[in-house]
Amino acid sequence: MKGKIYTVTLNPAWDRTATVDQLVPGGTNLLRELRADAGGKGINVSRVLPILGRDTEALGLLGAGAGDQLLTRLQEERISCDFIRILQDCRTNTKIIDAARGVTTEFNEPGPKVSEKELQALEQRLCRLPQGAVAVFAGSLPPGVPTDWYAHAAALCRAAGVRMILDTSGAPLREGLVGGPALIKPNRGELETLCGTPLQETEQLIAAIRGLLSSEMPFMAVSIGAEGAVFVTAAEAVLAVPPAVRAKSTVGAGDTMTAVLADWLADQPENSPPPRGEVLVSLASRAVAAATAKVLREGTQPPLPTEIASIASGVTCRKVG
């Protein structure tokens, strides 16, 4: 097993997933194929990393109630955990898969209110991360946590010699960028919100991404759903397009891609140059293959290595800038 990657999830969830033959808004829907999984974007990343041969430890804030079920499930999956337990109950999210249309509708709770004392306990834990580590901070911020908290966490990481990957959206992403993360992985909609403009054309996406690159973040990936993802440095851009598949659940696909990017970054020396040439193409292909393999699994189940390898041969990569 390779060196450990830490994940930090401030707003975990007990994810309930069900399928309906065809979703009828305002009508009665019979749920079938019910399942429950440990959820939250950082937790999803931690569940994928062992599949990639990478050791991981899940950190963050974890409430009571459904949080007990979540912790038990992670222990059953042999995911190392060191959560700060908080007083209010963990949220429960519901995902409804419309089998007729192949789309997923999500109903996500805001999460428990976090006290200043509970947040400080997490910050103290972050200060003990080992120098040289990679930490993935992912997901929404629960009530009681200021929107600039990820920027504050980035400062703690820099002081500890830890590289931060940030995967969030809205104000937490915009303000978190001030902290200088090593990598972000928004989807197209999140990038459009960040930039304040539609980005429908590939050239527009690449220009927007390059406008965000810096010495701290010389490389960036943006997922664009079934169209794949773009992987961009100042000198190169690659579009990776997956083969067409019929998705069982898209929840966690982006987190699976983040896990592959974190796995790559953890093998790179600090201040190393961004991926280039065939290395960039290979990384793009593997990341998109992993995300595509995930949508073939129910709920938030991570893909199997054999599934990733099988799909990778069908990913088409081309230089686009």
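How many bridges join β13 to strand β14 (residues 316-319)? The answer comes in point 3, after a word on the model.

This is a predicted model, in which local features need pLDDT of at least 70 and side-chain atom pairs count only at pLDDT 80 or more, while totals for chains, interfaces and linings use all residues. Residues are numbered from 1 along each chain as its sequence is written, and side-chain values use heavy atoms, with hydrogens and water left out.

1. T56 sits in strand β4 (residues 54-64), where strands (E, at least two residues) and helices (H or I, at least four) are DSSP runs numbered from the N terminus. With 3% relative accessibility T56 counts as buried, a word that means under 20% relative accessible area, with exposed over 50% and partly exposed in between (1.4 Å probe, protein chains only). Its side chain reaches the backbone oxygen of I5 at 3.0 Å.

2. T258 belongs to helix α8 (residues 253-266) and is buried, its relative accessible area being 1%. Beyond its neighbours within four places in sequence, T258 is in contact with V45, V136, I165, D167 and K185, contact meaning heavy atoms within 4.5 Å.

3. Strand β13 (residues 237-241) has four of its five residues buried, so it is largely enclosed by the rest of the structure. Four bridges join β13 to β14, and the two strands run antiparallel; strands pair if DSSP finds at least two bridges between them. Here V241 stands opposite T316 in β14.

4. Strand β12 (residues 229-233) is also joined to β13 by four bridges, again antiparallel, and a hairpin links β12 to β13 through three residues.

Methods: A polar contact is a pair of N or O atoms within 3.5 Å; within protein, one must be able to donate a hydrogen and the other to accept it, and residues adjacent in sequence count only if both atoms are side-chain atoms.
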